[in-house]
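Visitor: Hi, I'm new to this one. Can you walk me through a few spots in it?
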Amino acid sequence: MAAINGVSPLFTSSSSLRRFSARSPQNTPTISLYSPFTPSPSPSPSLSFSFPSISLRPHPSAKTRFLVIASAINNLSQIEPVPVPVPATPEEFAAKFPSDAGVYAVFDQNEDLQFIGISRNIAGSLLTHKQSVPDLCCSVKVGVVNEPDRTALTQAWKSWMEEHIQATGKVPPGNETGNTTWVRQPPKKKADLRLTPGRHVQLTIPLEELIDNLVKQNKVVAFIKGSRSAPMCGFSQRVIAILESQGVDYESVDVLDEEHNCGLRETLKQYSNWPTFPQIFVNGELVGGCDILSSMYEKGELAGLFKQ
């Protein structure tokens with residue numbers, strides 16, 4: 001069988017399978033899986049699986065319709081599809097789907113499988129899909145992976161993918177190489193602004209005036225430690241994460257760049273009368289640092305601020 005996106009198939013031929021069971025706490029059904037090497041009374045023909053055994057546990061929430069699995073072996077066809085709620089709100093998805101890590105399969109209105117995905121927050125990923133491709137996201141099958149390290153999640157995804165390919169002879173459309181409908185492409189990071197061409201260049205206007213022009217000519221400016229793609233402190237990282245989550249177009253300036261922003265830290269402290277970094281300016285006015293921006297974010301006040 002051909003490799004999928006560069007990953008070799010999981011199934012190898014074998015004449016015997018060993019059945020093992022993971023018993024869950026009382027009143028919870030036992031789920032049985034199979035692994036190679038020891039004969040079983042009724043082995044599956046010519047298939048074996050090289051997944052490590054992982055103990056199963058019952059899902060702690062009330063969402064019992066979802067199978068709690070270790071490696072998703074041959075479980076895709078056994079899980080009942082669940083209709084995706086309309087309208088697509090965070091509350092609806094949080095109530096209907098688990099926020100655990102696992103695998104999920106998305107079906108369209110014709111019940112054709114469109115995409116198999118992995119997520120650390122299944123409900124959040126499904127909400128994103130419903131908002132971006134509503135016509136293709138009509139029902140889903142979900143498998144919560146116990147002890148979801150990267151290996152277990154990858155194995156679960158491979159197992160579902162192999163099962164679908166064996167049944168249909170093709171990869172789901174959303175998983176085909178080059179398809180970007182289901183996987184969000186990270187936006188290209190803007191370059192950080194530099195106040196000067198270099199520290200050895202003689203400035204014709206004072207650095208404080210350069211700062212003043214910068215914050216007044218750009219709607220949102222964040223003076224941070226490090227670059228937006230690689231913040232050098234936790235506070236700067238938090239500020240960048242908040243601004244990115246708001247989808248706001250902002251400029252960033254690295255106050256640690258002594259080659260192109262030489263003297264910026266001390267000059268900016270005097271300009272803003274604010275002693276620490278990061279510093280965020282909106283419409284030419286200082287909003288504050290990480291604590292203030294975080295507080296406004298938690299109170300839902302940033303959207304109004306950025307619209308001004």
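Predicted model: local features only at pLDDT ≥ 70, side-chain atom pairs only at ≥ 80, totals over all residues.

Visitor: Okay, and what does Arg 265 form a salt bridge with?
Guide: Its partner is Glu 258, and the closest N and O atoms of the pair are 3.2 Å apart. Glu 258 is partly exposed too, with a relative accessible area of 25%.

Visitor: Which residues do salt bridges with shared partners join into one network?
Guide: That network is made of Lys 190, Asp 249 and Glu 251.

Visitor: How far apart are Asp 249 and Lys 190, N to O?
Guide: Their side chains meet in a salt bridge at 2.9 Å. Asp 249 sits in the loop between H5 and strand S9, while Lys 190 sits in the loop between helix H3 and helix H4, so this pair ties together parts that are 59 residues apart in sequence.

Visitor: Are those two buried or exposed?
Guide: Asp 249 is exposed, at 56% relative accessible area. Lys 190 is partly exposed, at 31%.

Visitor: Why would side chains like that pair up at all?
Guide: As a general point, side chains of opposite charge can pair when their charged atoms come close.

Visitor: How many salt bridges does the count come to?
Guide: The count is five. Another of them links the side chains of Lys 216 and Asp 212, at 3.2 Å from N to O. Those two are four residues apart in helix H4, which means about one helical turn separates them. Lys 216 is exposed, with a relative accessible area of 57%.

Visitor: Switching topic: which residues of helix H7 are buried?
Guide: H7 runs over residues 290-298, and its buried residues are Cys 290, Leu 293, Ser 294 and Met 296. They are on the same side of H7, because the arc they cover around the axis is only 165°.

Visitor: And what's on the other side of H7?
Guide: There you'll find Asp 291 and Glu 298, which are exposed.

Visitor: Which glycine follows H7, and what's its phi like?
Guide: That's Gly 300, and its phi is positive, near 75°.

How values were computed:
Residues numbered from 1 in each chain as written. Heavy atoms only, no water. Buried < 20%, exposed > 50% of the residue type's maximum accessible area, 1.4 Å probe, protein only. Arc of directions from axis to C-beta. Salt bridge = Lys/Arg side-chain N within 4 Å of Asp/Glu carboxyl O.
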